[in-house]
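Here are my notes for you to read alongside the model. Have the viewer open as you go.

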Amino acid sequence: MLAYARANNKYLDYLLSFATSVNANGVRADTDSGLKKIVEDAGLSWQEAKRHLANTDWKEEVTANQADIYQTGSWGVPVFRYKDIQVWGQDRLFVMEDAIRQNLNLHKVAPID
């Protein structure tokens, strides 16, 4: 499904729809009705998306991502990385925010509001 979303310039829309639906709204992504909602909320066609359900090309990307996570000393999600900083857990996002703000200040870019 991610390849379909990427090909239609809806990758981030799909990820946000998936995360919001599953984590905040209790939508079951393992059902056709749940996945249909996620896909359509991302602005994608469910009829087209159904054609991609049997695609297993994503397995190669997942395997590479897992190897990368293990190589950097982590073991699961959510892992966040920015430059040479890596943290585990959304409760550590302030560390990432601080690093990004410092980087922006170094480059004299207007701060994020």
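The points below cover a helix and what follows it, a surface patch, and some charged pairs.

1. First, a reminder that this is a predicted model. Helix H5 takes in residues 58–71, 14 residues in total. From first C-alpha to last it reaches 20 Å, close to the 20 Å expected at 1.5 Å a residue.

2. Look just past the end of H5: Gly 73 has a positive phi there, about 90 degrees. Trp 75 sits in the loop that runs between H5 and strand S1 (79–82).

3. Trp 75 is worth a look for its surroundings too. Its relative accessible area is 62%, so Trp 75 counts as exposed, the cut-off being over 50%. Together with Tyr 70 and Trp 88, Trp 75 makes up a nonpolar surface patch with about 430 Å² of accessible area.

4. On to charges: the whole structure has nine salt bridges. One of them joins Asp 68 and Arg 81, at 2.4 Å from N to O. This pair ties together distant parts of the chain, with Asp 68 in helix H5 and Arg 81 in strand S1, 13 residues apart. Both ends are partly exposed: Asp 68 at 30% and Arg 81 at 42%.

5. Helix H6 (residues 93–106) holds both Glu 97 and Arg 101, four residues apart, or about one turn. Their closest N and O atoms are 2.9 Å apart, in a salt bridge. In an α-helix there are 3.6 residues a turn, so residues three or four places apart point the same way. Arg 101 is partly exposed at 32%, as is Glu 97 at 39%.

6. Lys 10 and Asp 13 also form a salt bridge, with 3.8 Å between the closest N and O atoms.

Notes: Residues numbered from 1 in each chain as written. Predicted model: local features only at pLDDT ≥ 70, side-chain atom pairs only at ≥ 80, totals over all residues. Heavy atoms only, no water. Helix = DSSP H or I, 4+ residues; strand = E, 2+ residues; numbered from the N terminus. Expected span 1.5 Å × (residues − 1). Patch = residues over 30% accessible without salt bridge, like charges linked within 9 Å, V, L, I, M, F, W, Y side chains within 5 Å. Areas by Shrake-Rupley, 256 points an atom, 1.4 Å probe, with all protein chains shown as cover. Salt bridge = Lys/Arg side-chain N within 4 Å of Asp/Glu carboxyl O. Buried < 20%, exposed > 50% of the residue type's maximum accessible area, 1.4 Å probe, protein only.
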